[in-house]
Amino acid sequence: MRTPSPIAWGLSLALVAVPAAGQRVQIPAGSYSAPAAAAPPQTFVAPSLPPTAGAVPPPSFDPYALGSGAPAAPYSYAAPAPTGGLAPPSPYGAPAPYGAPAPYGAPPASAWPAAPQAASPSDSPWFPSSTPTWEQGNYGYQQPDGTVVQFQRLVQQLRVENTYLYGDGSPDQFGVNRLELTTTFAMPIGGKIDTPLLLTPGFAFNWFDGPPGVPLTGQPDLPPRVYDAYLDAAWFPQFTPLLGAELGVRTGVWTDFSNVNSDSVRILGRAIGVVSTSPDFEVLAGVVYLDRVRIKMLPAGGVRWRPNPDTDIYAVFPNPRFRRRLSTYEGVNFWWFVSGEYGGGSWTVDRGGLNDQIDYNDIRLSIGMEYETPLQRRGRFEIGYAFDREIDFRSQSPPDFKPDSTIYFRTGFDF
């Protein structure tokens, strides 16, 4: 048998390599201009371009206070960009240029002068509250002329979270164990990937522990479980460098699935205006519509301030939050925080043959810690105190019930 010549071997390898290379070609979601024939080969990077230095996006809390839930926007407080004009090293390759417009309504880089940044040697690319060397969900590559072609990741975030309010089974106590699962998708509006429509389907299990139903004492008889199944839509437009907004609507069913009626379907909403007086300071004002039995609407407003790269202050009712970085170790940022929350929810239930709707409301204060990795993995743990607790009934039978105050624990992970 004749041995193939070197030329034949070379032709065979070329024929195999051509289709294999074609499988790796990606078509960007944004505009694309082919480089000149003599242009150097492209280097793919994950620019995750930060907003203007110090800009602080909204926190990752549940705007309707059903737990911490789906984020208002998939932002991340991030380590500051190091001096020298480049973002920290990207986990996907070369560093991305610093200063391009950030997604979800942050002011463009040209709107504000860049503030000097003093980064620690261990700062990495890379959260909440829901800010930024790593733009969550944005990818792209730099062309020879210096422009960046950006991609928008469809699946922005997967989240699992558990909140446990302690109950000891006594007549004046009420325990809740809540497990929530959400996924956030980004859908560009009008071809703009920087301010996409964020769609978040979610499902939550709520296990109730007491109080026992004792009709003679007027204590409520509640089902052992209720559920949330919803779709949240959020949009964070930036109309001008000065004026933006946080808009959203959520609808679904909240029920024990034994009593499902028109009251099970609720529509929640939020509309908040944002005035950016500087890259580090914003004023917010608007309303949050809760659609509960007793509480229909709450005012929302306050300020968001980042006085330095390690501190984020989101002093906005009804979910204020203060966060400060503890340290950075091998690219992972560790933070501690304190937060407040107007908690609870509303469900239609079957109370032993009586079709009713109940509200559970409380006020929560907590302290906790969280971490963030360069690959957008986050984890958090907090311990808090829930007080001013009440259970309201649409039937007014009994009129209401006020459980004792209690402690609660919350853990969560984002992927």
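Phe-174 is buried, with a relative accessible area of 1%; buried means under 20% relative accessible area, exposed over 50%, and partly exposed in between (1.4 Å probe, protein chains only). Let us start from this residue and work through some exercises.

This is a predicted model, in which local features need pLDDT of at least 70 and side-chain atom pairs count only at pLDDT 80 or more, while totals for chains, interfaces and linings use all residues. Residues are numbered from 1 along each chain as its sequence is written, and side-chain values use heavy atoms, with hydrogens and water left out.

**Exercise 1. Find the ring that pairs with Phe-174 and describe the pair**.

Step 1. Rings of Phe, Tyr and Trp (its six-membered ring) pair if their centres lie within 6.5 Å; planes under 30 degrees apart count as stacked, over 60 as edge-to-face and the rest as tilted. The count by this rule is 11 aromatic pairs.

Step 2. Phe-174 lies in the loop between strand E4 (155–165) and strand E5 (175–189), and Tyr-360 in strand E15 (residues 354–372), so the pair ties together parts 186 residues apart in sequence. Strands (E, at least two residues) are DSSP runs, numbered from the N terminus.

Step 3. Tyr-360 is buried, with a relative accessible area of 4%.

**Exercise 2. Describe how the rings of Phe-208 and Trp-347 are arranged**.

Step 1. Their centres are 5.8 Å apart and their planes stand at 75°, so this pair is edge-to-face.

Step 2. Phe-208 belongs to strand E6 (residues 192–209) and Trp-347 to strand E14 (residues 332–351); the pair links distant parts of the chain, 139 residues apart.

Step 3. Phe-208 counts as buried at 11% relative accessibility, and Trp-347 is buried at 4%.

**Exercise 3. Locate the charge that lies over the ring of Trp-335**.

Step 1. A charge sits over a ring if NZ of Lys or CZ of Arg is within 6 Å of the ring centre and within 35 degrees of the ring normal.

Step 2. Arg-323 lies over the face of Trp-335, 3.7 Å from the ring centre.

Step 3. For Tyr-230, the charged end of Arg-250 sits over the ring, 4.3 Å from its centre.

**Exercise 4. Which residue forms a salt bridge with Asp-310**?

Step 1. A salt bridge is a side-chain nitrogen of Lys or Arg within 4 Å of a carboxyl oxygen of Asp or Glu. The count comes to 26 salt bridges.

Step 2. The partner of Asp-310 is Arg-325, with the closest N and O atoms 2.5 Å apart.

Step 3. Asp-310 lies in the loop between strand E11 (297–308) and strand E12 (311–317), and Arg-325 in strand E13 (residues 321–329), so the pair ties together parts 15 residues apart in sequence.

Step 4. Asp-310 is partly exposed, at 29% relative accessible area, whereas Arg-325 counts as buried at 9%.

Note on methods: Helices (H or I, at least four residues) and strands (E, at least two) are DSSP runs, numbered from the N terminus.
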